[in-house]
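Please look over the structure shown here before reading the report, and keep the sequence at hand while you follow the text.

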Amino acid sequence: MRAFDDFTDPLRGILTRVPPRGPTVCRVCHGAAQPPRALCVACRDVLRQVSRPVRLVVPVSLSTPDEQLHEYLREYKRSRHPDVRREFSHRIAALLARFLATHGSCIRRVAGSSWSAVAVVPSSADRPGLHPLETALGRLGWQEPMIRPLCRGPGRLDDGRASDDGYRVTTDVSGMALLLVDDALVSGARLQSAASALQLAGATVVAGVPVARSVDPACGEEPVQELLARAGASPFDFDECCLEDEGAAGR
């Protein structure tokens with residue numbers, strides 16, 4: 001845990017707290033919801049497109065396109081400089097590992113069950129080899145059992161477009177309880193397509209954990225502005241979990 005702290009403490013200033021679910025927070029992904037609707041626009045669209053979505057999504061941080069976390073999440077996969085990719089990937093992976101070490105019990109409590117293995121949501125394109133997040137977690141010596149049960153399938157898979165066959169299950173997952181992790185969630189199409197494919201193949205997806213729930217303040221929608229204002233009302237705290245009631249971590 002000390003190594004994860006060393007990697008992630010410098011990120012504290014670029015992370016944005018995720019508000020707990022409530023009247024203006026999506027009950028699935030913690031994005032911006034407009035009462036009386038309980039889901040954000042993205043979740044309302046994407047969840048209708050797949051047969052077996054996961055309804056417990058627990059982001060580590062909110063992120064906007066102009067913030068440094070957004071740059072980390074882009075450059076850890078795309079930078080032309082190997083040293084930048086390595087450093088950023090280690091920090092992103094350590095952030096995820098620290099969050100799960102700290103708040104895995106919260107996720108298990110709300111889900112009502114645990115998981116036996118962790119799977120990374122693949123990229124939309126069929127990237128050869130291990131996902132960079134999976135590689136970085138391995139280098140950090142993360143102890144959670146990991147499997148790689150998915151590859152890109154024939155179904156359409158774009159931002160806002162999910163499908164049951166967007167990913168193909170390549171190993172026997174029947175009877176397994178899995179935690180899905182990802183780097184960023186925008187519409188949820190990739191995560192929900194992966195969850196549906198796995199559950200149609202006989203697995204149970206306990207929860208999805210993206211490093212960042214991306215929101216765009218430039219859209220000008222009032223619910224988004226309210227969500228960001230609520231998120232920014234207090235600084236990010238590694239001990240605070242969006243599955244707790246507001247202010248519970250400080251009591």
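## Confidence in the model

This is a predicted model, and its chain averages a pLDDT of 91, with 96% of the residues scoring at least 70. Confidence in the chain is lowest in helix H1, where the mean is 82, and highest in helix H6, where it reaches 98.

## Strand E5 and its partners

Strand E5, which covers residues 177-185, is mostly covered, with eight of its nine residues buried. Strand E2, made up of residues 117-120, pairs with E5 in the parallel sense over four bridges, and within this pairing Val120 stands opposite Val181 in E5.

E5 is also joined to strand E6, residues 204-214, by eight bridges, and these two strands run parallel; here Leu185 stands opposite Arg213 in E6. Between E5 and E6 the chain passes through helix H6, residues 189-200, and this β-α-β crossover is right-handed.

## A buried residue in a loop

Where does Thr16 lie? Thr16 is found in the loop between helix H1, residues 2-8, and helix H2, residues 41-47.

Thr16 has a relative accessibility of 15%, and therefore counts as buried, because the cut-off for buried is under 20%. Apart from neighbours within four places in sequence, Thr16 is in contact with Ser61, Leu62, Glu67, Ala231 and Phe236.

Key
Residues are numbered from 1 along each chain as its sequence is written. This is a predicted model: local features need pLDDT of at least 70, side-chain atom pairs count only at pLDDT 80 or more; totals for chains, interfaces and linings use all residues. Side-chain values use heavy atoms; hydrogens and water are left out. Buried means under 20% relative accessible area, exposed over 50%, partly exposed in between (1.4 Å probe, protein chains only). Two strands pair if DSSP finds at least two bridges between them. A crossover is right-handed if, with the strands pointing away from the viewer, the path from the first strand over the helix to the second runs clockwise. Contact means heavy atoms within 4.5 Å. pLDDT is the predictor's confidence in each residue, from 0 to 100.
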